[in-house]
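Let's take a friendly walk through this structure together. Have the sequence and the 3D view at hand as you read.

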Amino acid sequence: PAFFRARIRSGALGALHYCHLDADARDSRIAGLVPPGSGRQLVVLQLSGTSRVEAGPQAMRLRPGDVLSVHDVDMVRVQDEGKVEQLVLMLAITEAVQALPGGLRQFHPDCALAKLAFRWVRDGCLAAGAIPASLGTCIAQMLSGLLVQAFTAQTLPRAERPSCISAQAIQEYIEHRIADPCLSLHNIAQAFGCSVRTLHRTFNRPGAPSLGQYLWRRRIEVSAQILRETGAVSRTLTQIAIDLGFCSSAHFSTLFRKAFGVSPSEYRRHAQCASSNGVEVELARAA
């Protein structure tokens with residue numbers, strides 16, 4: 001058997017149980033954690049270091065900020081590239097996960113919701129000892145729900161997976177999910193069963209925007225549409241930015257100004273003023 005040196009601290013935040021692991025480099029095989037039919041999934045937050053996780057033909061590399069979900073797996077192999085620090089949680093399987101084949105699934109940190117889930121779950125577990133028991137249950141429910149939402153937002157049932165890859169299919173896929181804050185090049189590639197490199201090569205055409213540019217342009221155009229809607233006045237610019245996958249309101253404002261020549265707040269003020277006067281208006285995109 002393989003041995004490695006580690007420090008493991010277990011704890012609980014309400015009903016959310018976790019292990020905080022500090023380990024030296026290891027190459028180990030772990031059996032029986034989440035076997036088929038267990039009704040559980042293992043969630044790993046990579047806090048520091050790099051690990052490679054294998055389950056059958058699947059292999060994924062975890063870097064700081066990554067979150068991995070494992071379910072319906074008999075045997076997992078873990079290889080660490082030096083010292084690592086991880087948080088490991090056991091959660092009940094959701095319907096979205098249950099509908100998928102067992103194995104490894106990874107959240108990627110380019111998703112705003114996944115970033116939020118990682119930070120809040122990490123901070124909540126590491127500070128669990130200082131949280132009053134009266135708050136622990138509520139916080140645990142919120143954190144578990146956040147993980148489920150982050151996972152569900154990046155999960156596409158096999159029945160909905162595109163049958164073929166083409167520039168038109170990629171564009172249609174983006175159009176149908178442009179309001180998803182977790183839409184990213186990585187999970188688009190995952191939906192088509194290809195690499196991000198293949199995705200770029202299929203979509204890109206000489207003289208046309210790259211796939212990344214197209215995705216951000218469409219998000220900006222959708223945000224402009226939202227800002228023109230009178231019913232969206234109560235939504236803050238930060239809410240709109242996060243809901244559309246921008247990493248911050250500053251990031252949103254920078255790209256919006258580049259596209260339209262004005263800030264989002266100026267655009268909304270102009271559009272709402274025109275709307276109150278019964279005028280249909282849309283500011284032209286900046287050259």
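This is a predicted model: local features need pLDDT of at least 70, side-chain atom pairs count only at pLDDT 80 or more; totals for chains, interfaces and linings use all residues.

One pairing is worth a look of its own. Strands β2 and β9 run in the antiparallel sense and are paired over six bridges. If you want a landmark, Ala 23 stands opposite Val 84 in β9. In general, the strands of a sheet pair through backbone hydrogen bonds, in either a parallel or an antiparallel way.

## The largest pocket

Next comes the largest pocket, with a volume of about 430 Å³. Its lining consists of 22 residues, and those nearest the centre are Leu 21, Ile 30, Leu 33, Leu 42 and Val 88. Two or more lining residues come from each of β1 (6–13), β2 (16–23), β3 (27–34), β4 (40–48), β7 (67–71), β8 (73–80) and β9 (84–92).

What is the make-up of this lining by class, nonpolar, polar and charged? It divides into 17 nonpolar residues, four polar ones and one charged.

## Helix α6 and its contact with α5

Now turn to the helices. Two packed helices are described by the angle between their axes and by the distance between those axes. For helix α5 (residues 185–192) and helix α6 (residues 196–203), the angle is about 90° and the axes are 9 Å apart. Angles of 65 to 115 degrees count as roughly perpendicular, and α5 and α6 are therefore described that way.

On the α5 side, the residues involved are Leu 185, His 186, Ile 188, Ala 189 and Phe 192, and they meet Val 196, Leu 199 and His 200 in α6. Sorted by class, this contact has six nonpolar residues, two polar and no charged ones.

## Helix α6 and its contact with α4

Helix α6 also packs with helix α4 (residues 167–176): their axes come within 8 Å and cross at roughly 110°. These two helices are therefore roughly perpendicular to each other as well.

Here α4 contributes Ala 167, Ile 170 and Gln 171, while α6 contributes Leu 199, Thr 202 and Phe 203. By class, the contact of α4 with α6 has four nonpolar residues, two polar and no charged ones. Leu 199 of α6 takes part in the contact with α5 and also in the contact with α4.

Notes: Residues are numbered from 1 along each chain as its sequence is written. Side-chain values use heavy atoms; hydrogens and water are left out. On a 1 Å grid over the protein atoms alone, a cavity is a set of points where a 1.4 Å probe fits but cannot get out, and a pocket is an open set with protein on both sides within 12 Å along at least five of seven lines; lining residues have an atom within 4 Å of a point. Grid points are joined across faces, edges and corners, and a volume is the space filled by probe spheres set on the points. Helices (H or I, at least four residues) and strands (E, at least two) are DSSP runs, numbered from the N terminus. Ala, Val, Leu, Ile, Met, Phe, Trp, Tyr, Cys and Pro count as nonpolar, Asp, Glu, Lys and Arg as charged, and the others, Gly among them, as polar. Axes are lines fitted to C-alpha atoms, for helices over the stretch in contact, and angles run from 0 to 180 degrees between N-to-C directions. Angles under 35 degrees count as roughly parallel, over 145 as roughly antiparallel, 65 to 115 as roughly perpendicular and the rest as oblique. Contact means heavy atoms within 4.5 Å. Two strands pair if DSSP finds at least two bridges between them.
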